[in-house]
Amino acid sequence: MSVAHSFGMARRQIAALALLCTALLVGHAGAAPPARVAVVLSAEGGAYAEVAEAIRSGLARDGGERFRVAIMDAGTVTGALEADPATLVVTVGMRAASAVQEIAPRTPVLYTLVPKAALDRLLAAQKGGAKRSGIYLDQPLERQLELIKLIIPAATRVGVIFGPDSAKQASALESVAASIGLKVEAEAVTSSEQVAVALRRVLERGEVLLGLPDPEVFNQATVHNLLLAAYRAGDPVFAFSPAYIKAGALAGVFSSSGQIGMQAAEMIAKLAGQAAWPEPQYPKYFTVTVNQTVARSMGIPIEEERALHQKLQPVAGAGS
Amino acid sequence: MLMVVTRCNGIKPRRGEANVHAAPAWRPAWLVSVWLSLVAPVPSAFAASPSADSGPGLTEQEFLADVPMVLTVSRLAQPIEEAPAPVTVIDREMIKASGFRDLAQLFRLVPGFITVAQRGGFPAVLYGVDDDFARRMQVLVDGRSIYTPSFGGVEWGNLPLEIEDIERIEVIRGPNAATYGANSFFGVINVVTRHAAQDPGALVSVTKGDHQVEHGVARYSATAGRLSYRLTAGYHQDGGFVTLHDTLRVKRVSMRADYQISNSDSFQFQAGHNQGTDATGRAGQLFDPQRELDIDSHFAQMRWQRALSADSELMLQYYHTRYRTTDEFAVALASPAVTLPVDFNSSATRDNLELQHTLKPLEQLRVVWGMEARSDKVRAPRYFNKPSVKNDLRRVYGNAEWRATPDVLVNLGAMWEDNDITAADVSPRVALNYRLRQGHTVRVSVSRATRTPVLLEQQADEVFQVGPIVDRVLFSSGGLRSERIQAIELGYLGQWLENRLAVDARVHRDEVEDLIMQTRRIALPPSLDNVDGARDFINAGDLTLTGFETQVKFTPGPGLRLIGNYSYLQLRAEDFNGGDGLRLSDFAALSEAMPKHNFGLLAIARFNEQLQGSLGYYRLSGAQWAGGDPLPHTTKLDLRLAYGFKFGANRGEWQFVAQDIYSDYLELERNNRRDMRFYLNLGFQF
């Protein structure tokens, strides 16, 4: 169902070329020892290992001999960093981010595979000075809303259920939605038990349901009612993860672990040695996934995932 | 639930006198204990908040974690324009707006469908040609056949099912044996109940009206971890026709549990029990005195489903049902000294096992196939003159849906069925749906189906004996062939005015062979009968139905929805087989047995956030009802007003319903008269 496309090849080549030029000008090419990049994983295997692998191969391709990558586990990161100090740390997932945050090295840190809410919290708690940046796991709101417009052009009212974590995005969502002619019909809940009532109201007022990740709203206990009720109401659901598409949402945009890793590698290659680090970024590479079975059943004519992806590209960088 | 191609796919707080019936709704303690035992294994899940599983706050796990497949292929409805047969969906809004409290009445919203009742507690839903026993339609609840094996038809008043728990009703007009098996003759009704996770919280609804109308429904649903469950209890009383002794009183309890074994496997368990009394009989009738029948039914159903992928699924289902009627009385012959004890007790059980596999072997090909084994047992000694009768059946079915081009969809299906009553039959179907352009589709289909005689038709032997005098009332000579139907139809489905107007129209021609009819009394040898002969069942002849049907759903603007349906039906009973005890005129009368014109309109208006109104108008042209009397046309006009309110975070609603306000309404028989009636309902959800 999901087709990943690689884009930005040209951009990557230009970046590599720029790096090479800089290196030549400074005259240290080949002379400097390789930068030590420590990739700290929240857990073994799965998405975490995929991110690490994409970073390693991305750096090998773009950075040549400039980087040496060491992979560490969040549980043993303190000792590992003492034994093998790193020039730059990349964390993968929340556990790794917290572990590195706690030992608070003076080393620059790039956080990956962390939701925006958590990453913004981490950066806010950071004492000034150290170089910190990251890649949000969430897709920019523009991209999510544009996908809704692409698939349901007639939609004007987007239903959203905010939970304690996602509520912070309420005003941002409303202004982004207004800018592309959508109105947000929102209900806020503080616990899972309130989701059913909120859902009923949101489905009555909205034409589509936009899922924003929040453990109180989207979880094992609510998924059946959310997807079944939205389906019965004829409101397509736009989801934030491939699992929800498989479960019965209509469509969504996501970035795979490989895509996040690729972006991380590019950022490392670009930021290594730079004095000022930018604000965290939204995922640059992404995938559009559609549940064709649900689309067919709901009678929604829908384009190929590739075509939808291409149409989303112009807005891809927005909001970062 | 994929329609057509696949198959599946209320405590008693009565106003005023709550003490009278307070406890009995909970009497079926075994059900409660089954429910408790299901809930018991996960007590910790009750205590824990659902969010405890996902840890504190938002982490990457929200993005990465797998979740259960919810909209599996069998839960997804097939788009109506892709179905190989015409489908009418009655949704929850229509159910509510209709003001009907009884399931059988809802079929007035389907083109060509007729709901009539011999007595209030025993309605019948007819389509095509049928009498008040309605034997020519398959009826399923969540894939469980509720067509009774003994006498055919459905005991609508004896079902453990509350209207509040219905998700939607899919009605297939036309034969559909290829997917639903034999008896999917003129049509198929498929009632789909709500997933247990869909109504978390409690619901209480109380209704009080004139004509002894009283209903109380209470429901509680919750989700605890991977288990969702619902428990519904209800009490219902309805005085029926003003002219008849036909008050129905039932208590029901039903439950459903949906357990998510893994992200791809789910297990569903349902059970229900219905118990009550159904008044019948006429004053002064010796052999049909006024009395109350004790009726009860129960069922248990379990289903395991594995989603193999977004397009494929495996389903294994078993269910058991039992319907029972206790009807015992004494007939005073000559003098009170000589009485004849009579019992018309009957009990019918069904056990059914089914396996179904849905798959998509090629991008353009979707296949559903399955097999089913069923065992029906009936104990009704009065009707069969033996302790019990039985019928076992086995069937294999399959349907392939091939998208030949983006606009052409071909459906090929067939069912093979073998049973103890008749020889094995094969029922094929072919349908072609052609999309003219987006939103406009034409459909041509040809199908065959059979109806196996019910046990009564094949094996009836109803005998009364007083001393040496033997009176046989019913005597099946046996050897009946299945009724066969060959149907051809041309349909159109269109969307107009930016999808605000949906039109479903079709013309159809159905040829029915070997229609089974009850004869007049035929003479039997004196060794069998000393009185006046018995009635038999014979394959009386062939008839042809031609007709036109349409349903229009129109949303003129926000807050207004109109659902209109009209059908025209012409019957020709011409090929009379002859036979004992039946005259050509009896057979030819079938031509007038059903109304030619059938019109229905439901208008739903939302005036504001709180106030909603609806109007139901139903008109049938005159007919010489089979199993009834010749009647002129009838008009039924119902009105409903609903006022929603909030109390805290909860919702409540007042409903006022007035039925048959235009004129009195006659149904099936001259004597069956309904006059204007009202009821008031108050519902709470919290």
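**Two chains of a predicted model**

Colleague: In chain A, what percentage of contacts between residues at least 6 apart in sequence join residues at least 24 apart?

Modeller: Two residues are in contact if their C-beta atoms, placed from the backbone, lie within 7 Å. Among such contacts in chain A between residues at least 6 apart in sequence, the share that joins residues at least 24 apart is 73%. This is a predicted model, in which local features need pLDDT of at least 70 and side-chain atom pairs count only at pLDDT 80 or more, while totals for chains, interfaces and linings use all residues. Residues are numbered from 1 along each chain as its sequence is written, and chains are lettered from A and ligands numbered from 1 in the order in which they are written. The value asked for is 73%.

Colleague: Is T321(B) buried or exposed?

Modeller: A residue is buried if 20 or more other C-beta atoms lie within 10 Å of its own, exposed if 12 or fewer, and partly exposed in between. T321(B) has 24 other C-beta atoms within 10 Å, so T321(B) is buried.

Colleague: Which strand of chain B holds T321(B)?

Modeller: Strands here are DSSP runs (E, at least two residues), numbered from the N terminus. T321(B) lies within residues 313–326 of chain B, which form strand β14.

Colleague: How far apart in space are T321(B) and T148(B), C-alpha to C-alpha?

Modeller: In sequence, 173 residues separate T321(B) from T148(B). In space, the C-alpha to C-alpha distance between T321(B) and T148(B) is 9.6 Å.

Colleague: How many residues does chain A bring to the contact with chain B?

Modeller: Chain B supplies 38 residues to this contact. From chain A, the number is 45 residues.

Key. Helix = DSSP H or I, 4+ residues; strand = E, 2+ residues; numbered from the N terminus.
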